[in-house]
Amino acid sequence: MKRNSYKINKAGSLGNLKLVEEELPEPSTNEVTVEVKAIGFNFADLFAIQGLYSATPKGSFIPGLEYSGMIIKKGKDVTGFELNEKVMGVIKFGAYTTHLNIDYSYIQKLPGDWSFEEGAAFIVQSLTAYYALVEMGSIKDNCTVLIHSAAGGVGIYANRIAKKFNAYTIGTVGNSSKIDFLKKEGYNDVIVRDKYFKEKLKKTLNGKDLNIVLECIGGEIFKDSFDLLSPNGRIMIYGGAQFMSHSSRPNYLKLLYQYLTRPKIDPLSLSDTNRSVMGFNLIYLWDKPEEMERMLTNILGLNLKTPYVGSTFPFEKLTNGLKLFQSGKTIGKVVVTI
């Protein structure tokens, strides 16, 4: 069958992303063919397109990690799913398309009252937040959690999950226009990141221990967050927004400078102060679908609110959506609909 896909033949620039028509083979015995209805954006998409993501496929590839849609074909060994069933799923690149084949281990049934847009906004964000807070962060009741990029998809889910543990949550954002939204989401405090960030955080903590930090900014923000981390505190690194370009092509000299001047942590200081720095990349869970299944079941069991979709774009305007997402001005998830 024919499908339309956004493909990039050479990573390095958003301008290299082209819409093409191509053949999709029949699904293998363990695969389903999904007619994609919605696609969710992630920063890993942009890093891959610009050639800054270590997991990026070599040569030509279709970006995109998550989607929702309807099963229109299935292999003979597929169990638990039926034709015309609504699903949401993840893929190790390949979501920017109208149809895809995927092993049924990587799809979930779309909850009955969810839209396709909400389904495409759920898996990566919720898994990232849950993995950071629960699996690695060992969150405890009544702890204090600092969440950077608080108005993004991960930040929203991190706050919702942390509140299930009665956490005191502090969110940070790049501009004040997002404060009211975060207050409605239940954040206890919100800080606008600027050169006075460390002083603001000290004042906000007001003597509280800082137990967990979800870190995706880097640079001085990382350093200041680490400096105020309490004994037995954990800083969880899941991204590097400081390396995100706001243009189609990265500024490689600027990236090199940022890389060479990034904060360094002396490993011996960690034992001296009883603090931890941990990092993870969700893409490495790809080889452990049973782990993803377990965590997603746990997340759905928390009865959180449905994903917040802040912006939607039609498939034909996908690159426009990427440019808005790249700007950092969005709230919640950016989704493309087909």
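**Figure 1. An aromatic cluster in the predicted model.** Phe41, Phe43, Tyr96 and Phe325 form one aromatic cluster, where rings of Phe, Tyr and Trp (its six-membered ring) are taken as paired if their centres lie within 6.5 Å. Twelve aromatic pairs are found when the whole structure is searched. The structure is a predicted model, in which local features need pLDDT of at least 70 and side-chain atom pairs count only at pLDDT 80 or more, whereas totals for chains, interfaces and linings use all residues. Residues are numbered from 1 along each chain as its sequence is written, and side-chain values use heavy atoms, with hydrogens and water left out.

**Figure 2. The ring pair of phenylalanine 122 and tyrosine 157.** A pair of aromatic rings is described by the distance of the centres and the angle of the planes. For phenylalanine 122 and tyrosine 157 the centres are 5.8 Å apart and the planes stand at 70°, so the pair is edge-to-face (planes under 30 degrees apart count as stacked, over 60 as edge-to-face and the rest as tilted). Because phenylalanine 122 lies in the loop between helix H2 (116-119) and H3, and tyrosine 157 in helix H4 (residues 153-163), the pair ties together parts that are 35 residues apart in sequence; helices (H or I, at least four residues) and strands (E, at least two) are DSSP runs, numbered from the N terminus. Phenylalanine 122 is buried at a relative accessible area of 2%, and tyrosine 157 is buried at 3%, with buried meaning under 20% relative accessible area, exposed over 50% and partly exposed in between (1.4 Å probe, protein chains only).

**Figure 3. Charged side chains over aromatic rings.** The ring of tyrosine 157 has the charged end of arginine 160 over it, 5.5 Å from the ring centre. Elsewhere, lysine 109 lies over the face of phenylalanine 81, at 5.9 Å from the ring centre. A charge is assigned to a ring in this way if NZ of Lys or CZ of Arg is within 6 Å of the ring centre and within 35 degrees of the ring normal.

**Figure 4. The surroundings of leucine 300.** Leucine 300 belongs to helix H10 (residues 289-301) and is partly exposed, with a relative accessible area of 32%. Not counting residues up to four places away in sequence, leucine 300 touches Gln108, Trp114 and Phe122, a contact being heavy atoms within 4.5 Å. Leucine 300 and serine 126 are separated by 174 residues in sequence, while their C-alpha atoms are 9.4 Å apart in space.

**Figure 5. The buried face of helix H11.** In helix H11 (residues 318-327) the buried residues are Leu318, Gly321, Leu322, Phe325 and Gln326. Seen down the axis of H11, these residues fall within an arc of 135°, so they line one face of the helix; the arc is that of the directions from the helix axis to the C-beta atoms. Packed against the buried residues of H11 are E1, E2, helix H1 (43-49), strand E14 (309-314) and strand E15 (333-337).

**Figure 6. The buried face of helix H6.** Phe197, Leu201, Thr204 and Leu205 are the buried residues of helix H6 (residues 197-205). Down the axis of H6 they fall within an arc of 95°, so they line one face of the helix. The elements that cover the buried residues of H6 include E8, strand E9 (168-173), strand E10 (189-192) and helix H7 (219-227). Asparagine 206 follows H6 and has a positive phi, near 50°.

Figure 7. Serine 13, in the loop between strand E1 (2-8) and strand E2 (17-23), counts as buried at 6% relative accessibility, and its side chain reaches the backbone nitrogen of glycine 15 at 3.0 Å. Asparagine 84, in the loop between strand E4 (66-74) and strand E5 (86-90), counts as exposed at 55% relative accessibility and has a positive phi of about 70° although it is not a glycine. Asparagine 142 lies in the loop between helix H3 (123-136) and strand E8 (144-147); asparagine 142 counts as exposed at 60% relative accessibility, and its phi is likewise positive, near 65°.

Conventions
A polar contact is a pair of N or O atoms within 3.5 Å; within protein, one must be able to donate a hydrogen and the other to accept it, and residues adjacent in sequence count only if both atoms are side-chain atoms.
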